[in-house]
Each structure stands twice: as structure tokens, then as C-alpha cells.
Amino acid sequence: MTGEPTIGDVFGEMIRDAYAVATGTGPRPLVGGRLPRPVIEIIERDDGLVNGAPAAHYLDPPQAWQPYDHRAVDRVRGRVLDIGVGGGRIALHLQERGVPVTGLDTSLGALRVSRHRGVRDLVHGTIDEHVPDGRRYDTFLLLGNNLGLIEGRDRAPGFLAALAALARPGAQVIAHGTDPYGTTDPVHTGYHELNRRRGRLGGQLRLRLRYRQLGTEWFDYLVCSVDELAELLHGSPWRLVDVDDADRPYYLATLELAPA
């Protein structure tokens, strides 16, 4: 017994259980052998900070969404790739509106839940792994704060190049981000300073997810300001054409593929 989690599909197990609690479909995690217990996503940061949040929001219907989610889906055009499809909340809504949408995720468990909920077109893998499939898209969605998948300065060029390789002419990216620098909480401002001393962007998080006895490997996830995003786009095939920050500190960034 080491006290360390087993590496596994944390997100998939968590979404499966959240779906079971919400619908009664499949075995539910129980408290005291009778009552379904709430499904909590545990997020560990590499400075020792631990946060937890209910996982049910990954299954939210449109009436429970935040305003920026509605504004994001209203901007889609053409064929859509929903990156980090999770439990399928965005893809299902677009599908019901007649939008051709593909859901991409690295979690097999999440894809199973999305499929059970009715998402028709799903791909298992990363953006880079999807490029050789030869499919092309007009809109890429990075919602649910999934702008974070850019990770940081080292990963950004490869991630943005992979998106461009999957893009049709004139394609767009609609990404949800959060400006991390409005806080005065020393737990977070101290972490920003620690990151800068390490040569990282202030909001570049080093995380792992936990659920029950499972954990992920440690990974980078980027929370950045609009100015930092613009810096990361410099020299890439993408240009920042619009920022919707009506729900500050959250924002929607719209990128367009530069003409060849």
C-alpha cells in the first residue's frame, strides 16, 4: 500500500458514475450501501493545492449552461470538431440543431457515455492522432475552459499546427478561457510567481485528476490572459479576431485560419 492512486481513465470513470447517478443507468456509487453519493472531481496542483467540484455539470442540458456557452454554439459554422467532448453536452445540442459535429476525446469512458447519450460521431485520441484520418473541419470548439489544452509555450506550436492541419480554408476556433490574474488570493498569486521563476506562464497549471482509487499522470493545463494567448499565436497559422469578455474573468476567443 503506497497511498498513490492507480493510473487510469479518471475522467471516464467519473463521467460514467455521474451519468449513473443522474439517470439510474448502470451501477451507482453508494453511500452506506443505499444512497447514491455525489460524484466529485478532485484536482491536485503540483504545489499541494487540492480542489474538488461536482462532476454533474459535464452532463448539463442547455438550460443549465453559462451564457458564454450559448454564445459560443451560436457562432459555429460548417462541420464542427468538439475537442474534449466529455459527456457530450455540447455535441448533443449541436446535433439536435442539425449541425454536423464530431466529438473528440482521449477518454474511452467519456466516449462511451457520449455514445449512450446519443452522440453519433465520436473519435478516440488527441488532435495530433486525428490529423492522419484525413477529416477536415470548419469550426473547432474548445469549450469548458479547454483553451487549457494548449498547455503552455512548448506545446502551443504543435497544438495550433495540428488544428491547422485539420482545418478547411477559413476555419475558426472558438475557445473558452479564463484570465487567472484577477485574484488577490495568495495561494494563487504565489503560484503565478513560482511559475514565472520556473520560466512558465503564470497560469500554467501542473495538475493531476483523482477519482476514487484512480489518478492521472501529471499534466500541464493553461489558464492564460488574452494578451498571453495573443503571444502564443504569434507565428502560428491562426490569428485572434474577436474576444468576448462579457462574463469576465471568463472569455471566448475566436481565432481564424490565416489565408495561405
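Me: Which residues are linked with R71 and R75 in a network of salt bridges?
Reply: In this predicted model, the search of the whole structure finds 21 salt bridges. Some of the charged residues are joined in a network, in which the arginines are R71 and R75.

Me: R45 forms a salt bridge with D47; is R45 buried or exposed?
Reply: The closest N and O atoms of R45 and D47 are 2.8 Å apart. D47 has a relative accessible area of 35%, so D47 is partly exposed. For R45 the relative accessible area is 8%, and because buried means under 20%, R45 is classed as buried.

Me: Which strands hold R168 and D138, and how many residues apart are they?
Reply: The side chains of R168 and D138 meet in a salt bridge, with a distance of 2.8 Å from N to O. This pair links distant parts of the chain, with R168 in strand β10 (residues 167-178) and D138 in strand β9 (residues 137-142). The strands asked for are therefore β10 for R168 and β9 for D138, and the two residues are 30 residues apart.

Me: What relative accessibility does D138 have?
Reply: R168, the partner of D138 in the salt bridge, counts as partly exposed at 34% relative accessibility. D138 itself counts as buried, because its value falls under the 20% limit. The relative accessibility of D138 is 15%.

Me: In the salt bridge of D245 with R248, is R248 buried or exposed?
Reply: The closest N and O atoms of D245 and R248 are 3.5 Å apart. D245 has a relative accessible area of 33% and is partly exposed. R248 has a relative accessibility of 63%, and because exposed means over 50%, R248 counts as exposed.

Me: Which residues does D69 touch, not counting residues up to four places away in sequence?
Reply: D69 is placed in helix α2, which covers residues 67-73. With a relative accessible area of 5%, D69 is buried. Once residues up to four places away in sequence are left out, D69 touches R89 and L143.

Me: At what angle do helix α1 and helix α4 pack?
Reply: The axes of helix α1 (residues 10-23) and helix α4 (residues 108-117) are 7 Å apart. The contact is made by F11, G12, I15, R16 and Y19 of α1, together with G109, A110, V113, H116 and R117 of α4. These residues divide into five nonpolar, three polar and two charged. The packing angle between α1 and α4 is about 35°.

Me: Which strands are the edge strands of the open sheet of seven strands?
Reply: The strands follow the order β8-β7-β6-β9-β10-β15-β14, and their pairing is mixed. From one strand to the next, the twist averages 20°. An edge strand here pairs on one side only, and the two that do so are β8 (122-124) and β14 (238-244).

Me: Which residue of β7 is the bridge partner of I83?
Reply: Strand β6 (residues 80-83) and strand β7 (residues 101-105) run parallel and are joined by four bridges. Within β7, the bridge partner of I83 is L104.

Me: At what angle does helix α8 run to β14?
Reply: Helix α8, made up of residues 226-233, lies across β14 and β15 (250-257). The angle at which α8 runs to β14 is about 165°.

Methods: Residues are numbered from 1 along each chain as its sequence is written. This is a predicted model: local features need pLDDT of at least 70, side-chain atom pairs count only at pLDDT 80 or more; totals for chains, interfaces and linings use all residues. Side-chain values use heavy atoms; hydrogens and water are left out. A salt bridge is a side-chain nitrogen of Lys or Arg within 4 Å of a carboxyl oxygen of Asp or Glu. Buried means under 20% relative accessible area, exposed over 50%, partly exposed in between (1.4 Å probe, protein chains only). Contact means heavy atoms within 4.5 Å. Axes are lines fitted to C-alpha atoms, for helices over the stretch in contact, and angles run from 0 to 180 degrees between N-to-C directions. Ala, Val, Leu, Ile, Met, Phe, Trp, Tyr, Cys and Pro count as nonpolar, Asp, Glu, Lys and Arg as charged, and the others, Gly among them, as polar. Two strands pair if DSSP finds at least two bridges between them.
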